[in-house]
Structure formats: C-alpha cells, structure tokens
Amino acid sequence: MLDVETLNFIKQEIEALLNQGSEESVRRAEEMAQMLEARIQEQRQMESDIVQSKLRALVEAHPWMAPKLLQQNLSKIVGENASAKSKRRKVITIATRVTDALSPYVACRIGCSDCCHMNTMIYEHEAIRLAEVTERKMVRLAYRPINEVFAHGAKFNGKPCPFLREDRCSVYEDRPLVCRTHHSLLDNPTSCNMEIPPAKQTRPPMYDPDLLEKPYIELNVKHNPAEPWGNIAEFFPD
Ligand code: SF4
C-alpha cells in the first residue's frame, strides 16, 4: 500500500533525477514515473474492489440502507405534514443508524480527526443547537449566496473545528448533519490527510452522503429558504 510518505519520497526522487538533467537520469526518472503511475492505478483498482464489496456487505446486513429504499424513506419524511424540527429529528435518527451500521466498514476511529479539519458547513439552526448545549456565544450570520459561502468557507480548510478537543468531537451527540455523513470506506485514513494540498486531495470513498444531505437541505430550504449557512468557525470564531 502506497502511503503519503512513500509517495512523496518517490516523487522527490523523480524530481532529483530530473534536476540532474543527464540523458540517463531523465530516462530513469521517466521509468520511475511510469512504474509509480502503474502502481497508483493498481492500488486504485484494489481499493475500488474493496469498497464495492463493503457496500454489498453493508446492504446485505442492513437492507433498509439500499439507496432506493433509503431515498424513499427520507422523501416521505420531507413530505410529512410536520414541523421542520420533527422532520430534522427523524433525519438525524436515520443518520445515527447509518453511522452505526457503517462502523465495521470504515477507517474512522476515535482520535482520527482529519475530517474535523475540513470545511465544515452548517446551518444556523445547527449552530443554535451547539450554542445551547455548550453555552458558547455564536455569531449571527447574514444569508449569503451559495458561491459566496463556499468561497469563504474554503479558507477554513486545514483548520481545526472550534469544537475539536484533543482530536475528539466535544459535541458528538449534537454534531451537525454533515459531520454524521462523512467517513472513509477505505481500510486506512490516508486519503483524508489534510497535509495533502487541497488541489491534490480526492474525496475518500463513502456510502453516498447525498442520500442524507439532499433531503436535509430540501426540508431546510422548504422551511426557510434564507436560513444562514456557513463554516462552523464563522458561527464560533474564537
Ligand atoms: S462538530 Fe465535531 S464532528 Fe463536526 S467538525 Fe466539529 S469536532 Fe468534528
């Protein structure tokens, strides 16, 4: 398995050979680059096979997690004649069941907090909940267009979430929906490593987070299309 350190080491070796500039060193650099590319492709295929077999095992063990069934279940909840609060609670309950069902298949472990250094986007109602349970002051944000929210949120990539304590979530039971949908179906968290420059990061394979996030967004927009939304650290800047 190629880890980030080995990959960086090989890349440095290739660069050093190219910098030497001789015909022989350039030829060796090209050979190494080809071998590396072949190894990366082989590894991607292996990982994809492992992920597919995990997803099959998951749905076999939990038939309600078949994407179509889950979608139907969630769209029923979104369409219910009930308050936004009650519908959100139901989606969160399902998200918790999904997290529990996924636990034997994911690389995520206590103390692994790479995804808590990513751009965590939350709704105002989620920030209010966090402010209530932690008694921490929150900032009221204005509603902003989505491109503005994303452009600003990207600045927080690589920075720890304000609720992260010693690599653990201090608000785990009340964490926002987006924190419940992200994980890695690989056997190790290498691809979540935030030391990889954003342009080179690839999203780790997951049980599709949109299955939960889309209906949640739909019900929130139905309830209040202008609800402020932003990075968790914008609501809790200190
Ligand atoms: S709220 Fe918790 S799970 Fe979500 S990003 Fe912050 S520390 Fe991580």
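How many Å separate the centres of domain 1 and domain 2, taken over C-alpha atoms? Keep that in mind as you look through these close-ups of a predicted model.

**View 1. Here are the two domains of the protein chain.** The domain assignment gives domain 1 as residues 1–61 and domain 2 as residues 63–235. Taken over C-alpha atoms, their centres are 31 Å apart. Where the two touch, domain 1 puts in nine residues and domain 2 puts in 14 residues.

**View 2. Now look at the side of domain 1 that touches domain 2.** Helix H2, residues 23–61, gives the most to this side, with seven residues. Sort the residues of this side by class and you get six nonpolar, three charged and no polar ones.

**View 3. Helices H4 and H8 meet here.** H4 covers residues 84–102 and H8 covers residues 210–223; their axes come within 10 Å and cross at roughly 170 degrees. An angle over 145 degrees counts as roughly antiparallel, so that's what we call H4 and H8. On the H4 side, the contact is made by Ala84, Lys87, Arg88, Val91, Ile94, Ala95 and Val98. H8 answers with Leu212, Pro215, Tyr216, Leu219 and His223. By class, this contact has nine nonpolar residues, two charged and one polar.

**View 4. Finally, here's what surrounds the ligand.** The residues around the ligand include four cysteines you can pick out by name: Cys116, Cys161, Cys169 and Cys179. By class, the shell has eight nonpolar residues, plus one polar and one charged.

Notes
Residues numbered from 1 in each chain as written. Predicted model: local features only at pLDDT ≥ 70, side-chain atom pairs only at ≥ 80, totals over all residues. Axes fitted to C-alpha atoms, helices over the stretch in contact; angles between N-to-C directions. Helix = DSSP H or I, 4+ residues; strand = E, 2+ residues; numbered from the N terminus. Parallel < 35°, antiparallel > 145°, perpendicular 65-115°, else oblique. Contact = placed C-beta atoms within 7 Å. Nonpolar A, V, L, I, M, F, W, Y, C, P; charged D, E, K, R; others polar. Near = placed C-beta within 6 Å. Domains from an automatic or database assignment.
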